[in-house]
Amino acid sequence: MGVSRSFSCRAMGALILGCLLLQASTSNAQLRPDFYFRTCPGVFLIVGKVIVEELGSDPRIAASLLRLHFHDCFVNGCDASVLLDNSTSFRTEKEALPNLNSARGFDVVDRMKAEIERACPRTVSCADVLAIAAQISVLLSGGPWWPVSLGRKDGFEAFFDLSNTALPSPFATLAELKTVFSDAGLNRTSDLVALSGAHTFGRAQCIVITPRLYNFNGTNKPDPSINPTFLTELRNLCPENGNPTVLANFDRATPNTFDSHYYTNLRQGKGVIQSDQELFSTPGADTIRLVELYSKNTFEFFTAFSKSMVRMGKLKPLTGTQGEVRLNCRVVNSRTRGVENEDDGVVSSI
């Protein structure tokens, strides 16, 4: 499938914006947008090129790459721990329940890293690759732009156990969601509502949907907050005891577009997973006002999302000598850490 002219224009705009920012920023913060201005000025172009190519055959990849950045930052900060495979020292986060058989795009990150290593060897961290990929993925899908703070280093370990508790559950109540966001270092209300808007594109598996369709909270009844017509549609897609891996669009109208329809869906009782609908259907919740605002004003949502992404991207970063720049995003550099990995070289393009 070819890339349309309009899509190509959005792609070019995204890459130009990234490159312009590298030249324009004068920030002296530890993380700063111009971090690779001299050492790898083409990093946005490289990452963007890979995403554009992948989107031609996989329209889900933009949402998947954004999700990888989320799942990285929520677990001990943005250190690319989610990308590590199993080793003799730790168990991979990929096998944790929130990621198992659902986190994807690792091969695409491998391609980005391989091309970056050819252009700028030992320079750009895998954690920064995820941050850049998330921003470009959103922009190419019709969403906002934000200044991506860069200069993270990669961590030396994965956190399997923490991944099972630190990531928001699709079955969480509003109170539980607020606790997770607060524990991560984010705002319990504003960041929660804004970042949840990432579910305006992408898919969810039936395994995380069916409990609220047939046996919500052990009642043997559906979640009462689901729109009755939407309930029928979801049951047709996800029958009881059906295939748990079948995918449902978070937004039926524009499943691959980053827009504010997510919030409109919540107001109509058409949130696909429980944790989304909780933002609007929890009686008296302070999140309701923001859902209503963003459903009516896309600019307000985009502004809030951009600010929250910047905050999330700064969660517990490793900088300076605290981490390393992995040559292969799946393994730590064994020569510098003495970790028993068979391959510490660059992953070839896939």
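Helix α2 meets helix α5 through Val43, Phe44, Val47, Gly48, Ile51, Val52 and Leu55 on the α2 side. On the α5 side, the residues are Ile132, Ala133, Ile136, Ser137 and Leu140. Contact here means heavy atoms within 4.5 Å. Helices are DSSP runs (H or I, at least four residues), as are strands (E, at least two), numbered from the N terminus. The model is predicted: local features need pLDDT of at least 70 and side-chain atom pairs pLDDT 80 or more, while totals for chains, interfaces and linings use all residues. Residues are numbered from 1 along each chain as its sequence is written, and side-chain values use heavy atoms, without hydrogens or water.

Helix α2 spans residues 43-55 and α5 spans residues 126-140. Their axes lie 10 Å apart, at an angle of about 55°. Axes are lines fitted to C-alpha atoms, for helices over the stretch in contact, and angles run from 0 to 180 degrees between N-to-C directions. The two helices are therefore oblique to each other. Under 35 degrees counts as roughly parallel, over 145 as roughly antiparallel, 65 to 115 as roughly perpendicular, and the rest as oblique. The α2 and α5 crossing is right-handed; that is, the near helix is turned clockwise from the far one by less than a right angle.

Helix α2 also packs with α4 (residues 106-119), the axes coming within 10 Å and crossing at roughly 145°. This crossing is right-handed. From α2, the contact involves Val43, Ile46, Val47, Lys49, Val50, Ile51, Glu53 and Glu54. From α4, Val108, Arg111, Met112, Glu115, Ile116 and Ala119 take part.

An unreviewed UniProt entry annotates Thr200, Asp251, Thr254 and Asp259 as "binding site". Such annotations may be inferred rather than shown by experiment; positions follow the numbering used here, and feature names are shortened. The four residues span 60 residues in sequence, yet no two of their C-alpha atoms are more than 9.8 Å apart, so they gather at one spot.

Thr254 lies in the loop between β2 (247-249) and α11 (261-267). Asp259 is found in the loop between β2 and α11. Thr254 counts as buried, at 18% relative accessibility. Asp259 is buried at 11%. The cut-offs are under 20% relative accessible area for buried, over 50% for exposed, and partly exposed in between (1.4 Å probe, protein chains only).

Leaving aside neighbours within four places in sequence, Thr254 contacts Thr200, Asp259 and His261. On that basis, Asp259 contacts Thr200, Asp251, Thr254, Phe301 and Phe302.
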